[in-house]
Amino acid sequence: MANNDGRQTATDGTWATGGAAPRGTGWVADGAAPAGNALAGLDALDLAGRPSARPGRLAIRLWNMLWPKALAVALVLAIWELITLSGYKKDIWPATGPTLANLWDQLKTALLWKAIGDTLQSAVIGFAVALLIGAVIGALVSRIPPLRAAVGSLITGLQTMPSIAWVPFAILLFGPNDTAILFLVILGAAPSIANGLITGVDYTPPLLLKAGQTMGLRRLALWRHLILPASLPVFVAGLKQGWAFGWRSLMAGELIVLVFNHPTLGELLNNDQSLSDLQSASAIMIVIFIIGIFVDGLFGAADKSIRKRWGLA
């Protein structure tokens, strides 16, 4: 027997019209929603409306990501050119055209590319170690109240300290080598990463935590499947800030800690400033600026992807 709307109510698997139910459709009792395949059908319907990743669409997405960064560089160059045309300290301030020509000449040499590679290698290794340390500390502090009371203010204090203050300690501890520079990067990035995770956990709704515990999630499972995904947007913001602090610490370390036979962007900048070669120094600063903008674009793309998955973009 069936209702007026044609739903199945009999136990023999037939519809009100007398036909058999579609194969694979898991119907339940009268008045209940379809199970299993019905949810999959809704997911398929949602996915069907999404645009496919065709080459044309990928090119548009790449262009949408790159043009704001190119515009930022163009604005900086335009302001620079206006200052040059005004004649402000023309004996010291390098002109835009000769500086860009100097940069082009340096890009033709292996020295600049070696320096870029060594600097990025230190940045990636230092940030990876800082991510591990910051995530572990942030997870422990956020979930253990006594530890948070003892260590929470310490993390904020470390975050506010200028990285240049740690240079003498880094040299005394490790000597003038790559390890000292990595130490500065870790100290610069780890506190921001830890604070980002702590803040993200704080903003996890208590009702969501209770729902996860009701479903049987405990300890690591609760962190993996609920707390970490819920805190991910704020955590990514902490990662972005951690990279910024780590990058600044890296530049400060490379300017002071000069490693033999290990060219870096900071060392090239230090050498150019020592020789009063402001054109070459400005060219290196342009490279540092462009790398910073590129990495910011990567974090921006990750943040946009997360917001899109959450239905916020």
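## Where helix 4 meets helix 11

In this predicted model, L112, I116, L120 and F127 of helix 4 touch I284, V287, I291 and F299 of helix 11. Sort these residues by class and you get 8 nonpolar, no polar and no charged residues.

How are the two helices arranged? Helix 4 spans residues 110-143 and helix 11 spans residues 278-309; their axes lie 12 Å apart, at an angle of about 40 degrees. That angle makes helix 4 oblique to helix 11. The crossing of helix 4 past helix 11 is right-handed.

## Where helix 5 meets helix 7

Now look at helix 5 (residues 145-160) and helix 7 (residues 178-202), whose axes come within 9 Å and cross at roughly 130 degrees. This pair is therefore oblique, and helix 5 passes helix 7 in a left-handed crossing.

On the helix 5 side, the contact involves R148, I155, T156, L158 and Q159, while helix 7 brings P191, S192, A194, N195, I198 and D202. The contact of helix 5 with helix 7 has 5 nonpolar, 4 polar and 2 charged residues.

## A closer look at T264

Find T264 in the loop between helix 9 (219-256) and helix 10 (265-274). Is T264 buried or exposed? Its relative accessible area is 3%, and buried means under 20%, so T264 is buried.

What does T264 reach with its side chain? The side chain comes to 3.2 Å from the backbone nitrogen of E267. Setting aside neighbours within four places in sequence, T264 is also in contact with A115, D118, T119 and E254.

Technical notes:
Residues are numbered from 1 along each chain as its sequence is written. This is a predicted model: local features need pLDDT of at least 70, side-chain atom pairs count only at pLDDT 80 or more; totals for chains, interfaces and linings use all residues. Side-chain values use heavy atoms; hydrogens and water are left out. Axes are lines fitted to C-alpha atoms, for helices over the stretch in contact, and angles run from 0 to 180 degrees between N-to-C directions. Helices (H or I, at least four residues) and strands (E, at least two) are DSSP runs, numbered from the N terminus. Angles under 35 degrees count as roughly parallel, over 145 as roughly antiparallel, 65 to 115 as roughly perpendicular and the rest as oblique. A crossing is left-handed if the near helix is turned anticlockwise from the far one by less than a right angle, and right-handed if clockwise. Contact means heavy atoms within 4.5 Å. Ala, Val, Leu, Ile, Met, Phe, Trp, Tyr, Cys and Pro count as nonpolar, Asp, Glu, Lys and Arg as charged, and the others, Gly among them, as polar. Buried means under 20% relative accessible area, exposed over 50%, partly exposed in between (1.4 Å probe, protein chains only). A polar contact is a pair of N or O atoms within 3.5 Å; within protein, one must be able to donate a hydrogen and the other to accept it, and residues adjacent in sequence count only if both atoms are side-chain atoms.
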